[in-house]
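Work through the exercises below with the model open. Each task is followed by its solution.

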Amino acid sequence: MRAETAREQADRRLEVVRRSIRERLDTSVDELCAAMTGIERDADSETIGLRLERLRLRRDRMGPVNLRAEIEIDELRAEMSALEDERDDLVGAVERLREAIGVMDREGRRRLRAAFAEVDSHFRQVFRRLFAGGSAKLVWVETSDPLSPGLDVIASPPGKTARVLSLLSGGEQALTSLALVFAAFMTSPSPICVLDEVDAPLDDRNVDRFCDLLAEVARQTDTRFLVITHHRLTMARMDRLYGVTMAERGISRLVSVDIREARRLAPAA
């Protein structure tokens, strides 16, 4: 009788549980058990035992229950959200940087093309002035992109065919290089320019042309040129000379001569 009473109480509790499961999960106990355990209702005891043993081993491998799991998940989600925001900021910064680089590239190409055209124009004029004729030009080498390296000088002295700078004679190379230097300087002049032995490979006739060009550029650009030279013709065309002399052995002395003042005083002398 006690067993029968206990059985009835267990059946009532079981029915309450079944009804609660049906109301909350909208499913039956048998379907729920089958879904959770993978065991059909009519399975034999051996199958149930094996399945139960596997589930126990699986539970043991999972280790103890982490009571902070939900809190840690929230923390990880917050951290992941912050990382995603940082990633979005970085992606936006990269896009803005690429746009800025594109704008700089386009502006750089535009300015370099304009500067190239101006230098080329001055170079043609200065070349004809130094050589008393002929022609020369600057050309891109193998590409039209000004941001890519590749620039060559094509020169044609009077009476000669056009050729690259490396095929000219030594004096012609020196004059052509001077023309290119002055062309670049005339494009963007500065208050002071230092020329160190640029007239060394030139003959007297070309030195005279160089001095004429130097004087003309000085007037046009209002630039003071400091010319380091040993050539007598160049020194004779300068406004002021500075030299170092050794009046006594081991003692150097700086000497300066104002050529314009000397020329003014020469008739009186």
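**Exercise 1.** Divide the residues of the lining of the largest pocket into nonpolar, polar and charged.

Solution. The lining divides into 14 nonpolar, 4 polar and 8 charged residues. Here Ala, Val, Leu, Ile, Met, Phe, Trp, Tyr, Cys and Pro count as nonpolar, Asp, Glu, Lys and Arg as charged, and the others, Gly among them, as polar. The model is predicted: local features need pLDDT of at least 70 and side-chain atom pairs pLDDT 80 or more, while totals for chains, interfaces and linings use all residues. Residues are numbered from 1 along each chain as its sequence is written, and side-chain values use heavy atoms, without hydrogens and water.

**Exercise 2.** State which residues in the largest nonpolar core touch the most other members.

Solution. Such a core is a set of buried Ala, Val, Leu, Ile, Met, Phe, Trp, Tyr and Cys residues joined through side-chain atoms within 4.5 Å; buried means under 20% relative accessible area with a 1.4 Å probe, protein chains only. Of its 32 residues, Phe123, Leu130, Phe182, Leu195, Phe210, Leu214 and Phe225 touch the most other members. Helix α5 (170-187) gives the most to this core, with 8 residues. Beyond four places in sequence, Leu195 touches residues including Phe182, Phe210, Leu214 and Phe225, contact meaning heavy atoms within 4.5 Å.

**Exercise 3.** Decide whether Asp120 is buried or exposed, and find its contacts.

Solution. Asp120 lies in helix α4 (residues 69-131). Its relative accessibility is 9%, so Asp120 counts as buried. Leaving aside neighbours within four places in sequence, Asp120 is in contact with Lys137 and Leu138.

Methods:
Helices (H or I, at least four residues) and strands (E, at least two) are DSSP runs, numbered from the N terminus. Buried means under 20% relative accessible area, exposed over 50%, partly exposed in between (1.4 Å probe, protein chains only).
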